[in-house]
Amino acid sequence: MNNAGTRIESPLREFSDQLRHELGQPPIQEDRNARRKWLTASEPNRYIGWTVVANVPMGAPFMDAAVKVLDSIKSDYQAGEWSIHPLTSLHMTVFSGQTQYDFEKTGINLREGLDRATDAVSELVFPDVPLVVEATDFARWDENLSLTVVPATAELTEALAEFRDTIAEKTGFRRANHDDVRYHITFAYRLTPEEKGTQVNQDEMLKPFLEEIQALGPIRLERPIFSIFDSMVSFPPTRKM
């Protein structure tokens, strides 16, 4: 979507639909969330918005296990069934902010909405609490394959809850599941209908990776950042928090 509120689509969209037809894959369905975010498995769509995330440090032991998970997704499924994420995009979502589609529904100009959110959080600072989480399981929801995590301490649980409430109050935006948040690290998005895809027992595929991740101990994340993003592969630090 541009500053006038018009939806922005990648110039590769037409090529993507043609390629998917030649591969025998269904065309992009705009009402599917994953298809709003990805053109092909390796080509992200323009998907603009703001969010607050805590990145996984590139040197963290967790990253070695993450590589194995991503490699397994690529080897156990046919090309195009799942999106392919770079390691640098792995993060825990602290607060799921507004996207171009949220602004479109409310009639708010995209640039104006992003500027408002940026100003609203300009003075927010995350408390000096170690941001450490523990892996609980792999989960599938909203077409995502994600690792669910929980705060490692009661102090962090309380700090995150208060921080999220403050962001919602300052920005005036609060999703329906705000009070039932499930912290997670997303690895991939399902891009084709599951019933037409490769039949894989994901529990068996992911079990050794979960055990390896849990054996590594808690995952230490970087401090939260406020990010204005334009795709699902990069979350630049618009403002450190």
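The lining of the largest cavity has 3 nonpolar, 1 polar and 1 charged residues by class. Nonpolar here is Ala, Val, Leu, Ile, Met, Phe, Trp, Tyr, Cys and Pro; charged is Asp, Glu, Lys and Arg; the others, Gly among them, are polar. The residues in question are Leu-70, Ile-73, Lys-74, Ser-83 and Ile-84. The volume of this cavity is about 30 Å³. Searching the whole structure turns up 1 cavity of 30 Å³ or more.

A word on terms. The search runs on a 1 Å grid over the protein atoms alone. A cavity is a set of points where a 1.4 Å probe fits but cannot get out. A pocket is an open set with protein on both sides within 12 Å along at least five of seven lines. Lining residues have an atom within 4 Å of a point. Points are joined across faces, edges and corners, and volume is the space filled by probe spheres set on them.

Now the ground rules. This is a predicted model, in which local features need pLDDT of at least 70 and side-chain atom pairs count only at pLDDT 80 or more, while totals for chains, interfaces and linings use all residues. Residues are numbered from 1 along each chain as its sequence is written, and side-chain values use heavy atoms, with hydrogens and water left out.

The overall picture next. The protein has 7 helices and 8 strands. These are DSSP runs numbered from the N terminus: helices are H or I with at least four residues, strands are E with at least two. Of its 241 residues, 49% count as buried. Buried means under 20% relative accessible area, exposed over 50%, partly exposed in between, with a 1.4 Å probe and protein chains only. Take the contacts with a separation of 6 or more: 77% join residues 24 or more positions apart. Contact means heavy atoms within 4.5 Å.

On to the largest pocket. It holds about 930 Å³ of space. Its lining counts 34 residues, and Lys-37, Thr-93, Ser-96, Arg-175 and His-184 are the closest to its centre. By class, that lining is 11 nonpolar, 14 polar and 9 charged. Which element gives the most to the lining? Strand β2 does, with 4 residues. At least two residues each come from α2 (33-37), β1 (49-55), β2 (91-95), α4 (100-106) and β5 (184-189).

Stay with β2. 5 of its 5 residues are buried. β2 pairs with β1, antiparallel, over 4 bridges. Pairing needs at least two DSSP bridges between the strands. Val-53 has Thr-93 in β2 as its bridge partner.

Then β5. This strand pairs with β4 in the antiparallel sense over 5 bridges. Ser-146 stands opposite Thr-186 in β5.

Is Val-132 buried or exposed? Buried, because its relative accessible area is 14%. Beyond neighbours within four places in sequence, Val-132 contacts Val-150, Pro-151, Ala-152, Leu-156, Pro-218, Ile-219 and Arg-220. Pro-218 is 86 residues away along the chain, yet the two C-alpha atoms are separated by 6.2 Å.

Last, helix α3, residues 62-76. Its 15 residues should span 21 Å at 1.5 Å a residue, and the end C-alpha atoms are 21 Å apart, which agrees. The expected span is 1.5 Å times one less than the number of residues. Buried residues in α3 include Phe-62, Met-63, Leu-70 and Ile-73. Leu-70 and Ile-73 also line the largest cavity.
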